[in-house]
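Please keep the viewer open and follow the points in order.

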Number of protein chains: 2
Amino acid sequence: MGGPELETLIAQFARLPGLGPRSARRIVLKLLCERETKLLPLAEALSRAAAAVRSCSVCGNLDTQDPCAICTDTARERRICVVESVADLWALERARIYHGLYHVLGGTLSAIVGRGPDDLAISPLLARLEHGRWDEIILALPATVDGAATAHYLMERLKPFGVAVSRLAQGVPMGGALEVLDEGTLATALRARS
Amino acid sequence: MGGPELETLIAQFARLPGLGPRSARRIVLKLLCERETKLLPLAEALSRAAAAVRSCSVCGNLDTQDPCAICTDTARERRICVVESVADLWALERARIYHGLYHVLGGTLSAIVGRGPDDLAISPLLARLEHGRWDEIILALPATVDGAATAHYLMERLKPFGVAVSRLAQGVPMGGALEVLDEGTLATALRARS
């Protein structure tokens, strides 16, 4: 309906995370009904971001400058927080409780997907350790089987450098009602009680 | 984080229906991580649609041709289904049970928003009735107070034309469990029982 240009646009939106055909159609209709204030600014913002944003060659963050604003911030502590994705990096920055540097792996080891150490940014991480002095490496990987396997693998690879390696605590999340938590989280929280 | 281009892009997405800051950030990250397969095609599809899609001068539908594909379809029955928005028109087309033409009002009468008859495409609708022969006018307006007021107003304006005017049935929706329905729907369904 509405010609191939419309169908293509709806299909493009429907492929974005959290969206489907219905929500994509709703968004496209809104955009077309408010062409001047919504559609054209969005098209322009997309083109600008596509032209300006790149991966930081040091840590893997996305920014308009390379190295990124975090890597070039000399006030940052000499710690590296290893994360799976840029999304996780941004989440930690929003929490405003960490003032060190980052390293984006670009995924976790996964036997099912067939993703090995060479598919992740592990060599660049080891290179950063070789060429600098660091107070701590924090493994902030997801609390999944793949995340735990990746953390375990990294611990082994980091041992030779003699740097302190830590991991995020696991337990009951803030505001978490015990009755809705899974058994794994409850068991971890009980074992790590303090 | 990530420079002004990124912030602008996230803000643009966050203004779309059904999206907020969190989902917008997630979408933008996905787009930037898959620049070639997601970001650039979306930017291109937006520009193409902006250039190609316009409002049908007859019925108000959005299409790449004017009059739209529905208005120019000579196999369509000589009925006009009056809808509030293009979204409603598309919803009816998806149902594939109506084979007539449409007329998009662009809203409903609303005392609260201060939208009167002159703010809706009512004059063009009356002009279509004057200059053609029609088997039926179907008022497919939302089952809200404003929708009912608009339907009532249109019935009065359509009377002089002597054309058959009908309205969508109201009642229990398909698959609707009675216990979760509001009292208004239950009362309407009970009164209109057959």
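This is a predicted model: local features need pLDDT of at least 70, side-chain atom pairs count only at pLDDT 80 or more; totals for chains, interfaces and linings use all residues.

1. If you colour the side of chain B that touches chain A by residue class, you will find 28 nonpolar, 8 polar and 12 charged residues.

2. Now for the contact as a whole. Chain B contributes 48 residues, and chain A contributes 48 residues. Together the two chains bury about 4,600 Å², and carbon and sulfur atoms account for 77% of that area.

3. How many salt bridges cross the interface of chain B and chain A? The rule finds 0 there. Over all chains, by contrast, the count of salt bridges comes to 16.

4. One salt bridge to pick out lies in chain A, where the side chains of A:Glu44 and A:Arg48 meet at 2.9 Å, N to O. Why are these two residues about one helical turn apart? Both belong to helix α3 (residues 35-52) of chain A, and they are separated by about one turn because they sit 4 residues apart in that helix.

5. The largest pocket holds about 610 Å³ of space. Its lining is made up of 18 residues, and the closest to the pocket centre are B:Ala143, B:Leu168, B:Ala169, B:Gln170 and B:Gly171. In chain B, β5 (136-140) and α6 (145-158) each supply at least two residues of this lining, and α6(B) gives the most, with 3 residues. By class, the lining of the largest pocket has 12 nonpolar, 4 polar and 2 charged residues.

6. The second largest pocket has a volume of about 400 Å³. The lining of the second largest pocket divides into 8 nonpolar, 7 polar and 2 charged residues.

7. A few backbone details are worth a visit. In chain A, the peptide bond joining A:Asp66 and A:Pro67 is cis, with omega about 0°. You can find A:Pro67 in the loop between β2 (62-63) and β3 (79-83) of chain A.

8. Chain B has a cis peptide bond from B:Asp66 to B:Pro67, with omega near 0°. Look for B:Pro67 in the loop between β2 and β3 (79-83) of chain B.

9. Last, where does A:Arg96 sit in chain A? A:Arg96 is in the loop between α4 (86-95) and β4 (101-104). Although A:Arg96 is not a glycine, its phi is positive, at about 55°.

Note on methods
Residues are numbered from 1 along each chain as its sequence is written. Chains are lettered from A and ligands numbered from 1 in the order in which they are written. Side-chain values use heavy atoms; hydrogens and water are left out. On a 1 Å grid over the protein atoms alone, a cavity is a set of points where a 1.4 Å probe fits but cannot get out, and a pocket is an open set with protein on both sides within 12 Å along at least five of seven lines; lining residues have an atom within 4 Å of a point. Grid points are joined across faces, edges and corners, and a volume is the space filled by probe spheres set on the points. Ala, Val, Leu, Ile, Met, Phe, Trp, Tyr, Cys and Pro count as nonpolar, Asp, Glu, Lys and Arg as charged, and the others, Gly among them, as polar. Contact means heavy atoms within 4.5 Å. Buried area is the accessible area (1.4 Å probe) that two parts lose on being put together, summed over both. A salt bridge is a side-chain nitrogen of Lys or Arg within 4 Å of a carboxyl oxygen of Asp or Glu.
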